[in-house]
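Me: Please take a close look at the charged side chains here, and go through how they pair up and where they gather. I would like one connected account, with the cut-offs behind each term.

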Amino acid sequence: MMDETEFWEIVDSTREAAGGDPEDHAELLVERLLQSDPDAVLDFARHFEARYNRAYRWDLWGAAWVLLGGASDDSFDFFRCWLIGQGREVFEGALHDPDSLAELLDGFDDEVDGDGEELGYAADEAYEELTGTVMSDLGLPPAPPEPEGAPVDFEDGGVMTRLYPRLTERFG
């Protein structure tokens, strides 16, 4: 069984090798997972999916909105994949206090950063290449139908500045 430390080690080492580029990161992640067996790839996918679901929160969506200058449902999905790709410290820090992303992120290029769509498919790709079959149900609880927490009015500048003072100052 892959533990949490091993999951984050794979995420971190492939991100560093990719120099932080999300598409290169996804390719390197697939290559790394192809060196494992299908069960390890499933374990990785479970770790990824569990964190992806944990990050389905209104307060985090608000932070993504500030960083990306607006975030649709799909954009927020891809943002959550990207956030996992930033590693344990950034991910856990953002869940603890979404506004702390202002300090946790060294740089943020909205042309490249914030969209980890390909990262979300890396385990599926590796599994399919290893087994010739599509990954089956991971056996995790279903994703929540609505983000957790109190809804945030993203269009209200005053609310957003109050909720995300550091992010608004740095990226708003």
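Reply: Arg-32 is partly exposed, with a relative accessible area of 27%, on a scale where buried means under 20%, exposed over 50% and partly exposed in between (1.4 Å probe, protein chains only). The model is a predicted one, in which local features need pLDDT of at least 70 and side-chain atom pairs count only at pLDDT 80 or more, while totals for chains, interfaces and linings use all residues. Residues are numbered from 1 along each chain as its sequence is written, and side-chain values use heavy atoms, with hydrogens and water left out.

The side chain of Arg-32 meets that of Glu-9 in a salt bridge, at 2.8 Å from N to O; the term asks for a side-chain nitrogen of Lys or Arg within 4 Å of a carboxyl oxygen of Asp or Glu. Because Glu-9 belongs to helix H1 (residues 4-17) and Arg-32 to helix H2, the pair ties together parts that are 23 residues apart in sequence. Helices here are DSSP runs of H or I with at least four residues, numbered from the N terminus. Glu-9 is also partly exposed, at 37% relative accessibility.

By the salt-bridge rule the count comes to 11, and two further pairs deserve a careful look. Asp-77 and Arg-80 meet through their side chains at 2.6 Å, N to O, and both lie in helix H5 (residues 73-85), three residues apart, which is about one turn of the helix. Arg-80 counts as buried, at 3% relative accessibility.

The other pair is Glu-103 and Arg-166, whose side chains form a salt bridge at 2.8 Å, N to O. This pair links distant parts of the chain, with Glu-103 in helix H7 (residues 101-104) and Arg-166 in helix H10 (residues 165-171), 63 residues apart. Glu-103 is partly exposed at 48% relative accessible area, and Arg-166 is partly exposed at 31%. Both take part in a network of salt bridges that links Asp-97, Asp-99, Glu-103 and Arg-166.

Acidic residues also gather on the surface: Glu-23, Asp-24, Glu-27, Glu-31, Asp-115, Glu-118, Asp-124, Glu-125, Glu-128 and Glu-129 make up a patch of negative charge. Helix H2 (22-34) and helix H8 (117-131) are the elements that give two or more residues to the negative patch, and H8 gives the most, with five residues. Patch members have over 30% relative accessible area and no salt bridge, and like charges are joined within 9 Å. Asp and Glu count as negative, Lys and Arg as positive, and His and the chain ends are not counted. Glu-129, which lies in helix H8, counts as exposed at 57% relative accessibility.

Leaving aside neighbours within four places in sequence, Ser-36 is in contact with Val-41 and Leu-130, contact meaning heavy atoms within 4.5 Å. The C-alpha atoms of Ser-36 and Val-11, 25 residues apart along the chain, are separated by 14 Å. His-47, in helix H3 (residues 38-54), is buried, with a relative accessible area of 15%. Apart from neighbours within four places in sequence, His-47 is in contact with Met-2, Asp-3, Glu-4 and Phe-7.

Conventions. Patch = residues over 30% accessible without salt bridge, like charges linked within 9 Å, V, L, I, M, F, W, Y side chains within 5 Å. Areas by Shrake-Rupley, 256 points an atom, 1.4 Å probe, with all protein chains shown as cover. Charge placed at Lys NZ, Arg CZ, Asp CG, Glu CD.
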